[in-house]
Structure formats: C-alpha cells, structure tokens
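Welcome to this guided tour. Please open the structure in your viewer and keep the selection tool at hand.

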Amino acid sequence: MPGKLKVKIVAGRHLPVMDRASDLTDAFVEVKFGNTTFKTDVYLKSLNPQWNSEWFKFEVDDEDLQDEPLQITVLDHDTYSANDAIGKVYIDIDPLLYSEAATVISGWFPIYDTIHGIRGEINVVVKVDLFNDLNRFRQSSCGVKFFCTTSIPKCYRAVIIHGFVEELVVNEDPEYQWIDRIRTPRASNEARQRLISLMSGELQRKIGLKVLEMRGNAVVGYLQCFDLEGESGLVVRAIGTACTLDKLSSPAAFLPACNSPSKEMKEIPFNEDPNPNTHSSGPSTPLKNQTYSFSPSKSYSRQSSSSDTDLSLTPKTGMGSGSAGKEGGPFKALLRQQTQSALEQREFPFFTLTAFPPGFLVHVGGVVSARSVKLLDRIHNPAFVGIMGNTRSYKLLDWNSFNSDEPETRDAWWAEIRQEIKSHAKALGCHAVVGYSESTSICEEVCILSASGTAAVLNPRFLQDGTVEGCLEQRLEENLPTRCGFCHIPYDELNMPFPAHLTYCYNCRKQKVPDVLFTTIDLPTDATVIGKGCLIQARLCRLKKKAQAEANATAISNLLPFMEYEVHTQLMNKLKLKGMNALFGLRIQITVGENMLMGLASATGVYLAALPTPGGIQIAGKTPNDGSYEQHISHMQKKINDTIAKNKELYEISPPEISEEIIGSPIPEPRQRSRLLRSQSESSDEVTELDLSHGKKDAFVLEIDDTDAMEDVHSLLTDVPPPSGFYSCNTEIMPGINNWTSEIQMFTSVRVIRLSSLNLTNQALNKNFNDLCENLLKSLYFKLRSMIPCCLCHVNFTVSLPEDELIQVTVTAVAITFDKNQALQTTKTHVEKSLQRASTDNEELLQFPLELCSDSLSSHPLPPAKEHLESASSNSGIPAAQRATSVDYSSFADRCSSWIELIKLKAQTIRRGSIKTTVTVEKASPVGDGNFRNRSAPPCANSTVGVVKMTPLSFIPGAKITKYLGIINMFFIRETTSLREEGGVSGFLHAFIAEVFAMVRAHVAALGGNAVVSYIMKQCVFMENPNKNQAQCLINVSGDAVVFVRESDLEVVSTQQPTANCQSSCTEGEVTT
Amino acid sequence: MTSELDIFVGNTTLIDEDVYRLWLDGYSVTDAVALRVRSGILEQTGATAAVLQSDTMDHYRTFHMLERLLHAPPKLLHQLIFQIPPSRQALLIERYYAFDEAFVREVLGKKLSKGTKKDLDDISTKTGITLKSCRRQFDNFKRVFKVVEEMRGSLVDNIQQHFLLSDRLARDYAAIVFFANNRFETGKKKLQYLSFGDFAFCAELMIQNWTLGAVDSQMDDMDMDLDKEFLQDLKELKVLVADKDLLDLHKSLVCTALRGKLGVFSEMEANFKNLSRGLVNVAAKLTHNKDVRDLFVDLVEKFVEPCRSDHWPLSDVRFFLNQYSASVHSLDGFRHQTLWDRYMGTLRGCLLRLYHD
C-alpha cells in the first residue's frame, strides 16, 4: 500500500441557486479517486454550505496517484428526482508526490461546469502520506520533478543533463464514440476532460520512469501536447530533457551556498591535458576513465565521418589564424570526440532547453527542421496493423477498445522526423540539437508533423557524470575573452553543408563566423549584443485546392518547400531591414486548413557583435529601359535605405567601425545564405534537402519583375515599428534591456477573422493575414500603453484555421515595465560594467574558499571524524585550487560563482553520493522556506484573494523564486448552447479564458504558491456554430507553480536571517543565506 | 475581412477609467468610440479607429461581466475570475454606485417601484442622462434599499458593510433609502431650488434624531422608519400655539432676547405668531403619513418662504431659530422640553440648510 490520500471538504461559497422555489441550494459533495467514492452530508438550504467533513481516506498505489486526478463533484440534493450536478473540480495531486514541492493542497477552488462555467467555489484540503516502495520493478515514478521551464530552474543547479525523453499515449476520443450520440454534451465533455487528465498522468509517469532509468531526478523543458485527431483518436505526447538537479539550499542563490564546500575543493585542480592522445595513454581521474571504458569500442568506432574529417581538417583552419589553430583546433576535436561519446549513446541527442548553464553551449550551427505530412486514415491500413505485432506492453485506458490505435504508429512517425533532425544536425557538424520542439497541425485526415531545433556543439561536462573537467579549462581559454564562442562555426569550412559566407569573428578575430545566425534558443546571457532586439515575423498564406486523402497530402507536401523558402526569405529581408544579423527563438509554424496553408515565423532579431554587419537590400527592375519605372525603382530603393537607417537608430545599433586591415580578411559581401536545412516527406523515407540560398548572387538583390514581388517589397515596408516606449521580442528577455521593474502583465488575446470567399487570391490572403497580425500587435500596444516604457516578452503567436474562411490567431505574452533611464546607461556602460564585475567577482572568488570553509566548520557542530579529516585535507589544498581558479576565471565575470558551484557540486557527488547531499540540503530548507512563506503571507492576507502572478517567462522580474511547487497542466472544455445570450463568440471565449486563468491561479494558491512561471497556452481550439447558437472551446495550459519573494523583501529577510541563523545553528546545521 | 472574434484577457484585469466612465454613462460602443476619438486619444497614441473600437468593445465586455459582481460588491472581493488590485476594486464599486445629482433629484422620495422605473424614460429626456445610466442608478437605489430594508443597526454601517462604499457615498445612500422609505415629497416646484445635498443633510439629522435607532439601536425597526411614538407625542407641542398665554410669553421672550440683534426685527416681531404656528403645526401633523411626506413642502411654505419674502439674512434666521428653541425652556407651563429639543434640534438644522435661494 504505497500511499494514502486524504481529502477534507470544508465549505462552499457563492453556489448557484438550484432550487427556484426557495432561491437556495441543498448541496453535497462527492469525492472520487480511482473507483472509490465518498460523499459528504447534504447541507440544506444554503448558498454557502459548511460541510466540515471528516477526512476521506483513499488507500492507493502510487501508480494510481500519478495517473488519476482527484475528482470532486458538487451536487444539489433532490428528494424526488435525480440530483443535479453543480460542477466539478479536478485536482492533480502530483505536486504532493515529491518531497521538495507542496506538502498540502488547501484552498478555494472554482467549481467548474463545462456548460455553465464557474459556479461558485469550494474549499478543499488534500494530503498524501507516501510509504517508501523499494520495488525495483515498480511502475510509478514518484519523486521525479517536472518543470515546464526551458532552462535550469532558478533554485536548482544541474549536476548532469541527461538528454531527451519522449513518450506518447493514444486513445479513442470520447467525443467520437458511439455512446456520444446518446449522452449529454456535459457527460461527453467530462469524459474527455477526465480521459485527458488520466492520459497526461500516465504520460508523465512513463516519462518519469525513463528519467529514473537514466538516473536523473527531473525533467526540464517538459512540453506536453494533445493531438485531436478526430475519428482516429486522441494523442497525448510529451518531450522533455532529463536532468539530475540539485536544490540550492538557500534562496539567495548568488552565493554558492553549500553546506560543506571545502570537501570538494580538492577536486578542482584542472590538470587535464586537452590533447586527445591523453585519453588513450592515461586518464588522470578514475571517473573519466570509467566513462570511456563504459563502452570504449562504441565511443571510438562509432565516430561519424564528419568528426573524422574534422580532425584532419582543423589544423588547416588553424594555419590562417595562428594561435587559434594551435589551441582551438585540437580542442574542438577533443570536444567533439567527448561530446560525441556522451551523445552517441543516446538515440536522440536533443535538448528541449532554450537557455543553458554557462559553458554548456560551445558552438551553434543553425536551425534544423523537418516536416512530414501524414494521413491519419492510414492508421487503419492493414500494413500498420502489422506493427502492432511488436508492441511493448501498453496499458489501455478505460475504454477497452481494440480498435484503439497503438502508439507505435505515431512513435514511428516521430522517430522518423527526429532521425532527420539528427542527420541535419550532423551535416552542420553538430552532435546535438538544442531548443528542440515538436508540433502538429491537423485538418481532417491530414496531419503535418514538424520538429525544429538548433544544431549545436555542447560541452560534455554536463552530459555525463564524471566527464573530464579539464576541457573546461581549455574551453575557457578558447572563448572566454571573447564571449563569442557560440557564434563560431562548428562545421568544417572547406566542406560546408551549404553555401555560406564566412568571416573571421568580429570579436576574437580568430575563428570563423557566418554572416547570419538563426537559432531557436534564447540569447546566451554572455553574448555581446549591440543595441536592442526586436520581434521579427514572417507571414505567409498559400491557397490550396480542396482535395481528399492522398491527393490532399501530396498537394500539401508539394507546397511546403515553397512556403518554407518564402518564409525564410521574408525573415532574411526583414532582418536586414532592421539592420541586424541574428535571430533567436525562431519558431516557424505551418498550419494546414481545408483550402489553404499558413506559415507564421516569429523570432527575435539582434545585432551580435561577433557577426559581420549585414549588407543592405538592393532592388533591381526587369525592364531597365523604362524611365519612369527606373525612377520608381530608385524611389523604392531610397525608401528601403531610409528604413534601414531609421531602424538602426531606433534599435540603437551602432557597431564600432572596423577597418579591413584589422580584420585581416576581406569584408564580406552581403549575401543571402541559409542555415536552414529542411526536408519534408510524405510518409516515406525520401528526404529532400532544400538549398535556400539564392544561388550565386553576390549581393542580396530583390528583383521586381512582377506585381507579386512589388507586393513583397511593399509588405516589407508596411511593417510599422512599435510606438515609442515599447519593445517586443519572443525570447525570454529583450536583448539590450536589463533593468526590469517589477510590474508584469500576462495576457492572452485571440482574434478570428472571416475571409470574404470572393476574392481569394494569394495576395489578398497574405494581406489579410498580415493586417490581422499587425492590427493585433497594434491593439496590444494600445491596451498596454499605461505600462510604457515596457517590453512585450515571449510573444507567442499561434495560427489555426478552424474553418474554411476563418483564420484564428492566438497571442500570449507578458508585458514587463523597465526603467528607461537606467536602460540607456546600462547599454552604454555594458562593457565597463562587465569588466568591473569581472574584477569584483574575482576578488570574491578568492575569498570564497576560506569563508565557506569556516562556514562548513561552524555549520556542522558534530562533524563525523571522517568529514573532519576531509575538510582538513582540503584546507591545505585550497591555495592551489584557488590559484587555479583565479587564473582560469579571471576574465569570466558572470559565470564564476556558478562555475564554482557546479564544480563543487560535482566533486561532492563524486565523493559522497548525491543522496547524502540532498539530505543536508533538505534539513536546512524547511526552516528557510517557513521563513519566506510567513513573510510572503501578509500581503495575501490583506486582500481577500491572494494575488497570483502568471508569466510565460522562467523568472519574475525583481523577485527571487524560492520554491518550485510542481507542474500545472490543465485541460478544460467549455461548451454553450446559448451563444447569443453569453455575448456571442467574443463574450463566450473571453469569459472562458478568464475562467481558465482563475482556475490556474486557484490551484497555484492552493499549493501555497504565488506565481506561475513558464506559463503556456498550448492549445485553444475554438469551434462555433452560430446558426445553432452553439460554440465549444478546448484549452490546454501548463506552467510551473512557484513561490517567489520580492527582492526588496529578501533584503529585509537576509538582514534578519543572521539572528535566526545563530539560534538555529546550535540545533540543526544552519540556514544558509 | 471581418472580425468574428476579438478578445484580450489579462491575468490582471485591465480597467480603463475613461472607458468605464463612458460605460457607466450608458453610451453605446459606437458613441463611446466617437467620444474617445474626439478626446484626441488617437493623436496621442498613434492608434487607429479600428484599434479603438476593438479596445472599447473589450472593455465593455469586461464591464458587462463585472456588472453581475458589482451588484453584490463583497462578491467582487471574493471572486476568483477577475484578478483586480484592491484599489481598482474600490474604484469600480465607488464609480458604479455613484449617481448623477440631476437624476437623484428626480427620484428622491419616490417609491422605488416598477411604476417609477417606467418613468425613467421621461427622466432621461428631462435630464439628458442616458436611459441606460438612469436604469443603473435606479437599480442601485432599489438594490441597496432591498438589502438594508429589513436590517437592524446603523443604516450607514449596513450600507457600507454590504456595498463597500466610501463613507460619503454610504451616507448619501442612507439618505436616498430614508427618503424612499418615508416617501418625502421633493419634486414640487417650490422645492426645486433644493439640492440633493440639502435633503441628504436633513435626512442625516432626521436619522440621527427622529428614528427608532436614534433612541435605541437594539430596536428592530432601526434607522429607516421615523419613531412613531415620537411623532404621536409631537401633538403635545400644539399647546405652544394653542395656549395664547404661552404663545405670547414665548414671543416676548424671543423678542426681548433678539431686540437690537436682528436686522429684520420688526418683520420677525410681526410674523412671530405665524412662523411659530407654522413650525408647531408641522410637528403636530406628523402623525399622518401624508403630512410626513409633505414635511419639506410645509417647511418651505410655512417658514422658508415667509422669511425669504421679508429678506431675512441667514444669520438672522439662525439667531431667530436658536432663540426660538431656547426660549421654550423658560416657559414654565410647558412640560415637554425633551420632546421639543428632539423636534426643534433637528428642525433647526434642517431649516438653516433649506434656507437659501
């Protein structure tokens, strides 16, 4: 009996009137978990019942605890007829299953009904007693933490980043079952909600098992999606990055808080030889040896040809650049080798993260993407049934239907796409893909599967336990002074995967860089950016004939390459128009509809100091003889040049002038080049690689040869910049702004337009779509004008085509205010500051070991003799280590402290095993957390309902996240048969989204949290039938529930902390600040 | 290209004060957009009319959804659907329950019934306030009335507790409820010169002194109804004018005290008996509901108008009323001193407030 779930129903309030005669309600509550149901007494004649029930106890397997949601139904008792349901609350109890998260769920939950929306609230208390289960073959994965955040969560540090985990489960969609014809819409909606809740639980458990297998303890960048495939079923799939995380014991993470830091200092000396030969001769640390001996044949024999060629070719690169060849070349090779050995063992070296611990990302190759068009009805083909033969055991859910599709079909589809991504990455000379994501677009029986990411070379140190620390030193030497390392090309110059124009890095002048860089990740924190960034979007529509099945799929796959090409060209043009040279957070969405395809690409453009200045855009006409035409052309050219100049001013792009001689290589001619490798296939293995470059054209020339091209140029120029005081980006934070103030406003905006079916041409369509997006942005700027100066961050556009002539655009973003005056200063003095920081950090660094050492001594009043010895020995070791670090990190400002932490952590794990470490950390944390919770409580107590912040970002400006309480993953359906009465489609959806926000906030508050970070609305499927006065909407949201403390409060706390420390340190260790 | 659906939902509900005002004033979306355009907002922000239209629609929808909660303000505080900072919540409530002077003067003292509601059309035409706004204000009065009608305790406190209004607004509502309950006539032509503030002032004095709650707050029928017993007792005051000796004595006491101090002494001396008769008769008549309703008409007719026609300055009125009430204490034959003070104390305050042009 691994777990006991306890539930108490306290009270209700604001219940709806269920009895017209008395204007009151006789409410009672059913509490259901799995197949067990409890009921409260009926509380007669009240809209605010006080049940104060006993504790309802469910004794259940932890497997069920993970899969099943707690289901609370509020009903109105009726003596003569059936009891009427008022509404339900589903509570995911997963956050209670791991020790560091919430301990109790307690609070007011909105009572939700799929037809009526929120109908009052209910106060519930939920607790779980878990018993330890040592069964090795268990099916549950309690204790694995899940994070939606696509970076290492703020109060944790990554010990190891294991890599990609994925899983999917399939079931029949209750909406399409025969029984749906006879049951009420409410019953059908509830069946769907419950099923998806179950499936998500199961999926999460299965992913958890995979993580445990990899010896990880957490999934970061967890992204779960639903595919509503209609007749052919319902797919719930998830991807994520398995990690081993260690909690930072103190909320003030900027100090390397470690209870016994001295012990691992010994591990620090970086005596690792960067030369690859050393590996064969004699590895210096036993652990590294272990790594290689783990599968020696594998790691060497499976080295792909690309890295082999690289080994032989890098010296040539080096010749031109002097010292770089000597250090960088062999190092690169070594790195590749190590990374590869670490990654080769994985099927897919993918990472869903978009931001990384410092030093993780070595080089970035470019965006890789793959799409595939599939026919859903094929699932029923006998050929696919055959696949069912070699299934793993798959537990069917409630509906024990044998028609239900095996997940293998979809698994195979995704595997195929991932394989493609992997090969693209290889072609770019990269072993890993970061910022990886997957998506689908479904219309009737056609489904486009898409995957994209950024090919990258990673530092292996994070990927495997005990891998060489030596490379660290090497890596630092290579790109520390420059901070441009990630821009340097990972692929081989002489054997480029696509035509590209390379120059020497404008920063270090040693390595080669491309002229433009596209990525799907966030801007690395240490990247040097000139000026500010901005949101860049490419928008495109393509008409397509209506067709059935096979023909439809063929038509779509024929269109895809053109769409991709045009989207890419648009992005490139707009980027140049902004005078920038790199895109981050690129997300290309292709949506399929009945009679059209839509493409929407969003990214954040920046000017990377390491990359060359982008060239302008030249316009060429086809008929040079016509005088007036020529005049027109030159007029356009002037306009474009003006726009570029204006944009440069607007985004404060003023790169330092560099003369030719200094660079030592010719100034690159602006040239269109692609880093986008793509392919699409129609359920076959054919892989078409598209060369997106403009052939041999030297300058970037736009040819105006027909009206189409004219339109394109016009549309380029019609994009209006945001009003002054506004910035926007789709990455976590705006490059070039770093002094955020604390005001944030997260919002969702939805627009649906109906196209007039008469004049549907591609141009008209494009214009409509473009206007839709532009107007939407304008509306946002207008609505949020009171927050100026502010920045819209993480702007996330989603396009769907719910019907023939309807286009739906959903935007979720957060507006954050910032201090304008400081912003200007910071950008100006950025370099100086970082230099200062470097020196101060360095000083701090020198003091660390000693400080920490004394700390550790005082903090363990009764250290075991062995530990004592250890610390003593490491004491003597300190000077050496210190020297080593100070040399290594001298110019590596920001990273120093965290580097140290990571190194220490590693050493600690090696020495003592991670379990012990966690225990000491755990001991300290409750006290600290208690403190903070108390402190954050008063503001909530002031107002009746505690404020819960929501943000798509992983952080809250001006605040420190002190605790992650668990993942929020909620799915709601809302339906109405009185659309007009509810204010039409707008009224209906407005109310529903507001209700969804409310339910998310209520769950977070019940967990004891005050914010949701990494919030995302993954799905918003809206269907209407105005003739029948009906509408239905499905929304799926997720995020991480957290506790945060304002930094201003934190200062107060930390000044008070010492006293608390003194008191507590006598009894139980210490509360590290 | 037509917009089928266009919404914006913030985690913190955005409230635009200007649009809220337009909504409260009952303007349609189209009118509101036109008014906003006229305010020059497009030039300030560089937005387009379409943006303004969309924004206005959005705010209107939000307000429409909030309206249900505003009907029971404590619900607004406890609800979970809209996250609104407390200061904004207070603003929403206060503005929602605010009313127009012109409107309140039209319905003050009227029964808050369906009949009156039907007259809102006329009121709207007369005052220039949109019918929608009139309805909101009328419904607010009625709602507050219904909630506090049967309640014990202080009227102002009850209103404040159940509608979370500011002190000032709660007092105004107390007056409105009090007037509606006692159906005081305020619409007569003679009374047109009086403002809502004048009536509210009187109402407050009357609630403090003339209701059951004034004597004993534990009583069931608290602040809303006038103390019936007290009204009955007021008949006893009649002796002041019925007994000729007493009246003469009263007059001489007042005249002696005021001689040389009043600019309008002769007029006062000539009119004393009329004025005194008027004031005492008003008191004696209050046993009848109809006469209670006409209280203000009577006061204006019997006191304010005569004084005004003789051009009494306000200071003289004050001197006179003070002396007039105080002198009664020196009338040995008069036994109802406390009753007199309870009546005249309030009346003096009211009259002074009512005495203006």
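Domain bounds here come from an automatic or database domain assignment. This is a predicted model, in which local features need pLDDT of at least 70, side-chain atom pairs count only at pLDDT 80 or more, and totals for chains, interfaces and linings use all residues. Residues are numbered from 1 along each chain as its sequence is written, chains are lettered from A and ligands numbered from 1 in the order in which they are written, and side-chain values use heavy atoms, with hydrogens and water left out.

**Stop one: chain B**

Colour chain B by its domains: domain 1 covers 17-83, domain 2 covers 101-210 and domain 3 covers 228-354. The centres of domain 1 of chain B and domain 3 of chain B, taken over C-alpha atoms, are 53 Å apart.

**Stop two: where the chains meet**

Now show both chains. Here 50 residues of chain A are in contact (heavy atoms within 4.5 Å) with 36 residues of chain B. Between them, chain B and chain A bury about 3,900 Å², with 61% of it on carbon and sulfur atoms. Buried area is the accessible area (1.4 Å probe) that two parts lose on being put together, summed over both.

How many salt bridges are there between chain B and chain A? The count is 5, a salt bridge being a side-chain nitrogen of Lys or Arg within 4 Å of a carboxyl oxygen of Asp or Glu. Select Lys783(A) and Asp55(B) to see a salt bridge between their side chains, at 2.6 Å from N to O. On the side of chain B that touches chain A, at least two residues each come from strand E1 (2-10), helix H3 (41-45), helix H4 (49-70) and helix H5 (73-78) of chain B. Helices (H or I, at least four residues) and strands (E, at least two) are DSSP runs, numbered from the N terminus.

**Stop three: a buried tyrosine**

Move to chain A and select Tyr1015(A), in strand E31 (residues 1011-1025). Is this residue buried or exposed? Tyr1015(A) counts as buried because its relative accessibility is 2%; buried means under 20% relative accessible area, exposed over 50%, and partly exposed in between (1.4 Å probe, protein chains only). Leaving out residues up to four places away in sequence, Tyr1015(A) touches several others, among them Met746(A), Phe997(A) and Val1037(A). Asn969(A) is 46 residues from Tyr1015(A) in sequence, with 9.6 Å between their C-alpha atoms.

**Stop four: a buried threonine**

Next, select Thr591(A) in strand E20 (residues 582-592) of chain A. Thr591(A) has a relative accessible area of 4%, so it is buried. Beyond its neighbours within four places in sequence, Thr591(A) is in contact with residues including Ser441(A), Met598(A) and Leu801(A). A polar atom of the Thr591(A) side chain lies 3.1 Å from the backbone oxygen of Val799(A).

**Stop five: backbone details**

Most residues other than glycine have a negative phi, and most peptide bonds are trans.

- Pro789(A) is in the loop between helix H15 (762-783) and strand E27 (790-800), and a cis peptide bond with omega about 0° joins Ile788(A) to Pro789(A).
- His14(A) is in the loop between strand E1 (3-13) and strand E2 (27-33); its phi is near 55°, a positive value, and His14(A) is partly exposed at 21% relative accessibility.
- Arg215(A) is in the loop between helix H2 (185-213) and strand E11 (218-228); its phi is near 65°, also positive, and Arg215(A) is exposed at 72% relative accessibility.

Notes:
A polar contact is a pair of N or O atoms within 3.5 Å; within protein, one must be able to donate a hydrogen and the other to accept it, and residues adjacent in sequence count only if both atoms are side-chain atoms.
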